[in-house]
Amino acid sequence: MAQGMGIKLKLMVVDDEPDNLALLYRTFRRDFEVIAVESAIAALQILEQQGEMAIIISDQRMPEMLGTEFLSKTVDRYPDTIRIVLTGYTDVEDLVEAINAGKVFKYITKPWNPDQLKGVVQQAAETYQVLKQRTNELRRALRRESLFNAMTTAIRESLAYGSILHTVAKTLGQTFAASHCVLRPVESDRLMSEVFIYQKGTQEQPDGQQALSDTQDDPLIQATLQTRQIQMAPAVSEKGFQLVVPFVYQQEFLAVLSLYRDAIDQPWSVEDIELIQGVADQAALALSQAKLYQRTQDQAEQMRAELAVARQIQGNLLRQSLPDLDGMKVQACCFPAREVGGDFFEVYAHPQGDIWLAVGDVSGKGVPAALFMASAISVLRRELSQESPPEPHLVMQNLNRSLSEDLVSTNCFITMVLVRYNPSTRQLVYANAGHIYPLVWSSRNVAAQVAAEGSSVVEPHYLKVRGVPLGILPNWKAASGRVELNSGEVMLLTSDGITEATIATAGNGSAGTPPTVTSMLQQAGLWQMLMQEHAPLDLSHLLSRIRSHNTIQEDDQTILSLEVL
């Protein structure tokens with residue numbers, strides 16, 4: 001009746017009367033492992049030696065110590081023990097106080113009824129087993145929680161995939177008292193060449209090659225790879241005890257851990273193995289996330305390397321040597337918002353003497369825009385390198401014809417200004433495909449206004465002949481615009497990354513107005529900044545002023561000027 005899993009519960013009986021002690025021993029010896037003791041002091045000594053009893057039956061009136069006093073001394077150390085008092089007196093106050101304090105389960109009066117006593121002891125045994133079961137469950141839950149917290153903390157302190165693997169091996173090895181353990185990553189159900197080792201009580205670097213050799217053809221590890229289940233050696237070997245644990249998350253086999261204990265130690269208990277499996281499942285989730293993070297990092301690094309190459313290639317396309325022209329000065333700057341961008345410019349001195357200038361902007365940013373930018377430059381250069389290039393608006397038509405199908409299919413378009421300048425006739429012919437208006441002004445007039453301290457207002461001439469962007473319509477149609485560009489005059493081409501840049505300006509000083517106001521530069525603001533530039537015009541200085549207002553560049557920025565000296 002009092003047996004659990006074939007093991008008798010321990011029952012201690014304490015009474016200073018030998019006859020009562022013998023009677024109690026005979027009553028319960030078949031169902032319990034009975035320890036009979038004649039005094040409370042001797043009982044405390046035996047408890048110190050043998051540990052917890054399931055039930056203690058104690059006489060109340062004993063020479064050295066009252067039964068309730070004796071039982072109270074066992075509460076703190078053995079809280080699960082069930083305590084019963086036998087008394088021949090009506091010590092009501094002592095008994096009630098002991099029962100209320102939780103120190104006594106029941107009290108039986110002498111002379112006792114054997115059946116009643118057996119019933120109380122049976123009830124006590126069942127209560128003890130329930131308490132013990134709950135205590136063990138709570139202890140296992142606390143141990144599991146503590147172990148999970150320790151594993152989670154250790155994993156959080158490790159970011160790299162390899163570092164997490166090492167942390168898992170070390171934490172499990174230390175927690176489950178392994179002499180050493182070896183963890184190996186698994187890819188496509190095959191052991192990888194990496195190995196992570198924990199060695200108990202040594203500062204020396206473990207032999208990784210030896211660990212690789214020992215685990216490569218290990219039958220337990222091979223069985224774990226096949227079954228995806230924990231494998232334990234059926235008997236102790238020359239290596240000691242061995243336990244192999246798989247790390248599997250969502251059907252993906254991530255790693256296998258082999259734990260070892262010396263032959264002189266005890267093997268892992270069923271509870272240990274259940275805990276190890278729970279921790280392995282938790283660690284598998286962390287390994288899966290770390291592996292995904294590592295893969296993402298590797299892909300990002302590869303992408304950064306590829307973008308760096310693309311940026312260099314794009315830079316080589318744009319970073320041409322500007323021609324040294326008699327009586328003219330050309331400047332150009334281009335800064336993509338990302339590694340690569342969709343802005344571009346072109347400066348081409350034709351053998352017949354014409355100077356071709358272009359600034360374009362592909363919609364969007366990044367790699368797609370950069371690919372269209374490279375295509376546009378390629379087609380443009382092919383058109384301009386002809387012996388007799390067509391008029392700018394015809395070049396635009398040819399560009400649209402070559403690129404429109406791809407642009408439409410990807411929902412992209414290109415804005416662009418193309419200029420041809422003839423130094424002999426001073427004629428400037430341009431075509432504009434939905435781009436920002438080019439600016440033309442006289443540097444002499446600006447200098448005169450600055451000298452007169454703003455007594456008169458100088459405005460630039462906006463070249464406003466314009467068509468739709470490339471890639472909008474199958475056939476691009478617009479006329480070319482014409483203007484003379486004489487000595488001392490400047491033409492400026494920009495992308496919208498310049499005119500749409502945000503700049504800070506002083507407030508108007510009215511109540512509630514902040515001291516500085518941020519607004520879009522626009523072409524009027526660009527002209528004001530140009531007026532503030534010292535002669536001769538320096539585009540690098542102008543662009544640095546614009547960029548100084550923005551910590552984050554939101555769009556590609558391109559600017560190009562042609563100045564007739």
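A word on terms before the first residue: strands here are DSSP runs of E, at least two residues, and they are numbered from the N terminus. Please also keep in mind that this is a predicted model.

With that, E346 sits in strand β14, which covers residues 343-349. Is E346 buried or exposed? Its relative accessible area is 4%, and the cut-off for buried is under 20%, so E346 counts as buried. The E346 side chain has a polar contact, at 3.1 Å, with the side chain of R381.

Next, salt bridges. How many does a search of the whole structure find? The count is 13.

One is D15 with K110, whose side chains meet at 3.4 Å, N to O. D15 is buried, at 0% relative accessible area, whereas K110 is partly exposed, at 22%.

Another pair is D189 and R228, with the closest N and O atoms 3.0 Å apart. This one links distant parts of the chain: D189 lies in the loop between β7 and β8, R228 in the loop between α8 and β10, and 39 residues separate them. Both residues are partly exposed, D189 with 37% relative accessibility and R228 with 26%.

Then there is R482 with E391, again a salt bridge, 3.4 Å from N to O. R482 belongs to strand β20 and E391 to the loop between α10 and α11, so parts 91 residues apart in sequence are tied together. R482 is exposed, at 55%, and E391 is partly exposed, at 23%. Going back to D15 and K110, salt bridges with shared partners join these two and D59 into one network.

Now the cysteines. Searching the whole structure gives zero disulfides. For C333, the nearest cysteine sulfur is that of C334, 8.9 Å away. C333 is buried, with 11% relative accessible area. C412 is also buried, at 14%.

Last, the surface. Which residues form the nonpolar patch? They are F413, V468, I472 and L473, and together they have about 310 Å² of accessible area. Of these, V468 is in the loop between β19 and β20. V468 counts as partly exposed, at 33% relative accessibility.

Technical notes
Residues are numbered from 1 along each chain as its sequence is written. This is a predicted model: local features need pLDDT of at least 70, side-chain atom pairs count only at pLDDT 80 or more; totals for chains, interfaces and linings use all residues. Side-chain values use heavy atoms; hydrogens and water are left out. Helices (H or I, at least four residues) and strands (E, at least two) are DSSP runs, numbered from the N terminus. Buried means under 20% relative accessible area, exposed over 50%, partly exposed in between (1.4 Å probe, protein chains only). A polar contact is a pair of N or O atoms within 3.5 Å; within protein, one must be able to donate a hydrogen and the other to accept it, and residues adjacent in sequence count only if both atoms are side-chain atoms. Patches are made of residues with over 30% relative accessible area and no salt bridge: like charges are joined within 9 Å, nonpolar side chains (Val, Leu, Ile, Met, Phe, Trp, Tyr) within 5 Å. Accessible areas come from the Shrake-Rupley method with a 1.4 Å probe; for residues, only the protein chains shown count as cover. A salt bridge is a side-chain nitrogen of Lys or Arg within 4 Å of a carboxyl oxygen of Asp or Glu. A disulfide is a pair of cysteine sulfur atoms within 2.5 Å.
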